[in-house]
Amino acid sequence: MAAPTAVEQAMNKQTCNFLSPVYTTSQDSESFSDGSEELQDYVVDFLDKKVGSDLKSLKNVGDLLEKLREENNVLEGQVLTVSSSVPPKVSAALSAAEEARCSLEDLLQKERLISNTLNQHLQGAQPWMDNLGQMLNQVDTIERHMKYLRCLQHIEELSAAVQQCLMTSSVWEAIRAIDSMAALDTGLKQSGCSHLQGFLHETLHFWHKIIKDRLANDFEKVLTQLHWPIISPPTQSLTPTANYQEINSQLELLVTQLLALQTSDDLLSQRPLNSSAPSAQPVSSAALQSQAPPLCLPIQIMLLPLSRRFRYHFYGNRQTNTLSKPEWYLTQALMWMSNSSAFMEEKIQPILDRAGATISARVELCRGLLSLVQEKVASDASRLLYDDMLFCHLVEEVLQFEKELRSNQSYPAVLPGLLHLLLEDAILQKWLTVEKKMAVEKMDAMLSAEGAWSSQYKDISDMDELKAPDCAETFMTLLQVITERYRALPCPSAQLKFLGLQRELVDDFRIRLTQVMKEESRCPLGARYCAILNAVNYICTILGDWGDNVFFLQLQQAAVSLGEEVVLGGLGVTEVGRLASLEGSLFEGLLALLDRLKGDMMGRLLEWTMREIMEKTKPYCQDRWLSLPSQHDQSTMSLSSSACPMMLCVRDRLLNLHQVLSLSLFQLAWQGLAERLDNFLYQDVILSNHFSDGGAAQLQFDMTRNLFPLFGHYCKRPENFFKHVKEACIILCLNVGSAILLRNLLKESEDETRDWAGVEDPPPESALHELGIYCLASCDVLILLNLRASWPGQ
């Protein structure tokens with residue numbers, strides 16, 4: 001049977017709504033259709049509900065049947081109405097679709113007719129269109145020719161205007177015409193008229209050169225009257241001449257006119273007239289790297305005599321042109337900057353300010369002189385790559401020049417100096433190679449020097465706190481000098497390469513110290529061994545300070561951001577993250593190796609010292625502690641004779657270590673020695689013997705009145721570093737009653753802990769704390785109590 005349609009489902013739903021009582025009944029009867037007995041029971045219940053038990057009410061059966069028949073007829077009518085309304089709607093939709101199809105066919109037919117008509121019209125109009133296109137092309141060609149001729153005419157008019165102005169000495173009008181010509185040249189850059197551009201550029205260059213030469217000649221004459229260039233330092237202020245006012249007026253007029261030519265001059269300098277012709281002055285790498293704007297035209301003219309002097313003295317076969325003396329031309333440039341500073345500030349700068357030029361005359365002059373120096377340094381550096389000494393000398397002079405340029409001449413930091421010339425790959429690599437080579441040579445020399453392991457401040461107590469040997473101090477000074485050399489470099493990646501070199505040198509020096517230490521390890525108490533330990537500690541201290549230095553913190557951030565392998569090579573993600581958050585430092589790896597070396601050397605030193613002390617302590621360990629008389633039987637207490645060698649040895653070793661070790665190292669040394677001596681005395685003297693009252697009192701006297709004060713010179717409470725010995729003496733020197741009570745308490749506590757774990761009694765630690773026992777455990781105290789010989793009944 002097919003599934004009911006949507007219409008049939010709606011009809012069935014509506015029918016059910018109208019016949020809800022009957023439908024419910026029939027539905028209920030269907031629910032019981034599985035068994036005949038249930039169906040019979042349902043019918044009986046229905047009749048009993050509608051008719052009842054009264055036989056007289058059977059006459060109502062006919063009414064009930066008639067009512068059900070009417071309801072059924074109503075439902076059938078509704079079903080027929082719903083089913084009869086569906087076909088007209090479908091028929092209407094089909095009719096509408098048919099009409100739309102017919103309309104579409106009509107439209108398509110009209111479209112074909114119109115398209116055919118349009119094609120016929122286009123075919124007929126095509127000859128007219130071809131003729132009109134040819135005419136338009138001719139008009140466009142004529143129009144472009146007219147524009148070309150008008151532009152050419154305009155160029156000729158401007159050229160004639162410039163010529164006329166020059167003949168009548170109307171310089172300002174000529175400059176304005178030149179500016180118009182330069183603006184036209186700029187507008188024609190996107191044009192394809194190469195010949196017109198060439199003609200305009202040649203015309204512009206021709207007239208610009210004439211005007212510039214005329215103004216330059218007049219400007220040079222005025223400068224000569226003002227004693228320019230100023231070669232030597234002015235001894236006194238310039239005395240005004242008779243025509244002082246006229247000269248100043250001419251100077252201002254010429255500077256202003258030259259500034260007006262700046263636009264066309266910049267345009268011509270960017271597009272040389274004949275690019276194939278060799279330039280009279282080679283283009284330096286400094287000029288190529290510099291992004292600064294061109295020098296203003298008046299300053300260019302003022303630099304001409306200085307440039308001629310510079311090239312005369314420092315190029316060619318002149319004796320002043322020598323690769324071994326770069327300081328000659330560097331110093332000369334600085335002298336010219338310094339000597340000309342007052343003239344530029346007093347004469348030129350006010351004119352520039354009144355003309356509205358936002359430039360500094362003094363800085364512009366420095367830029368011009370610096371370009372000469374940059375060209376010379378770049379030329380010399382490439383010739384010195386195979387001469388280490390001369391190359392190093394050039395680098396030193398360049399660094400010194402840069403320092404004086406920035407400080408004395410107040411040259412802006414945003415403008416390039418000379419340092420970027422040292423960042424070229426070949427020069428930078430040569431610098432790194434020479435730096436490493438000379439550092440290694442100096443390390444060899446400083447370690448083999450006669451006074452390498454003695455401090456140069458040994459006789460000055462205030463300055464000899466670190467007791468650094470001369471070789472370590474010289475080495476760190478060497479690293480500091482390297483830092484000062486590369487600190488001013490403008491490139492963080494280059495600085496990080498030098499930092500990598502420094503780390504490599506530190507590791508190399510550590511290996512050398514380790515080799516010397518192994519040779520001296522046969523006598524750790526010797527002066528050289530302790531000097532090596534001081535050297536390691538000194539380097540650790542300096543590197544720790546560098547890790548907090550702002551410069552190295554900036555390098556650390558640069559290394560993380562750039563991912564520099566020279567510095568971060570081998571580090572994991574966690575270590576790099578710690579560097580990025582400034583939790584660590586770039587010297588952490590080196591400090592870990594140096595700390596390990598320092599720990600090994602300190603351990604060997606203390607081990608050797610303890611071996612000597614233990615040898616001196618043997619008689620004291622074998623003393624007859626059990627048979628010593630009571631303290632009451634002695635008039636005065638004195639140090640045990642067997643303890644004298646040990647005490648003397650401890651005293652001498654402490655004095656010796658205090659003299660040869662730095663303060664921080666000696667602090668570690670005496671504390672480590674106290675810890676070892678405490679454990680040794682506790683194990684080999686106290687736990688290995690039994691003590692009478694006199695023996696315990698003698699032991700306490702030896703420790704508290706003799707041993708502890710030896711360390712009291714270096715701290716306020718030395719007994720805190722001998723906790724085992726101090727607390728053992730307290731236990732051994734308890735009076736008998738207190739000792740018995742304490743032993744019983746500890747034994748009871750031990751038994752209760754073993755048998756009655758749930759019983760909560762005061763812990764024995766409280767009793768021990770009252771006696772001042774904090775380090776020893778209860779079991780240790782019981783052992784010490786058992787070492788006492790003075791128990792009742794014994």
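Author: The structure holds 21 aromatic pairs, where rings of Phe, Tyr and Trp (its six-membered ring) pair if their centres lie within 6.5 Å, and planes under 30 degrees apart count as stacked, over 60 as edge-to-face and the rest as tilted. A pair of aromatic rings is described by the distance of the centres and the angle of the planes. Phe552 and Phe587 form one of the pairs, with 5.4 Å from centre to centre and 75 degrees between the planes, which is edge-to-face. Phe552 lies in helix 18 (residues 550-562) and Phe587 in the loop between helix 20 (573-580) and helix 21, so this pair ties together parts that are 35 residues apart in sequence. Helices (H or I, at least four residues) and strands (E, at least two) are DSSP runs, numbered from the N terminus. Phe552 is buried at a relative accessible area of 4%, and Phe587 is buried at 2%. Here buried means under 20% relative accessible area, exposed means over 50%, and partly exposed lies in between (1.4 Å probe, protein chains only). Both rings belong to one aromatic cluster, formed by Trp431, Tyr486, Phe498, Trp546, Phe551, Phe552 and Phe587.

The model is predicted, so local features need pLDDT of at least 70 and side-chain atom pairs count only at pLDDT 80 or more, whereas totals for chains, interfaces and linings use all residues. Residues are numbered from 1 along each chain as its sequence is written, and side-chain values use heavy atoms, with hydrogens and water left out.

Another aromatic ring, that of Tyr315, has charged ends over it. The charged end of Lys376 sits over this ring at 4.9 Å from its centre, and the charged end of Arg311 sits over the ring of Tyr315 at 5.3 Å from the centre. The criterion is that NZ of Lys or CZ of Arg is within 6 Å of the ring centre and within 35 degrees of the ring normal.

The salt bridges come next. Side chains of opposite charge can pair when their charged atoms come close. A salt bridge is a side-chain nitrogen of Lys or Arg within 4 Å of a carboxyl oxygen of Asp or Glu, and by this rule the count comes to 29. One of them joins Glu435 and Arg485, whose closest N and O atoms are 2.3 Å apart. Glu435 lies in helix 14 (residues 425-448) and Arg485 in helix 15 (residues 470-486), so the bridge ties together parts that are 50 residues apart in sequence. Both Glu435 and Arg485 are buried.

Glu252 forms a salt bridge with Arg354, with the closest N and O atoms 2.9 Å apart. This pair links distant parts of the chain, as Glu252 is in helix 7 (residues 244-260) and Arg354 in helix 11 (residues 326-354), 102 residues apart. Glu252 is partly exposed at 28% relative accessibility, while Arg354 is exposed at 57%.

Lys618 and Glu615 also meet in a salt bridge, at 3.4 Å from N to O. They are three residues apart in helix 21 (residues 588-621), and therefore separated by about one helical turn. Lys618 is partly exposed, at 44% relative accessible area, and Glu615 is partly exposed at 48%. Elsewhere, salt bridges that share partners join Glu98, Arg101 and Glu105 into one network.

Glu220 provides a further local view. This residue lies in helix 6 (residues 194-225) and is partly exposed at 29% relative accessibility. Leaving aside neighbours within four places in sequence, Glu220 is in contact with Ile301 and Leu304, where contact means heavy atoms within 4.5 Å.

The protein as a whole gives the setting. It has 28 helices and zero strands, and buried residues make up 37% of its 794 residues. Of the contacts with a separation of 6 or more, 76% are between residues 24 or more positions apart. The accessible surface comes to about 45000 Å², of which 55% belongs to carbon and sulfur atoms; accessible areas come from the Shrake-Rupley method with a 1.4 Å probe, and for residues only the protein chains shown count as cover.
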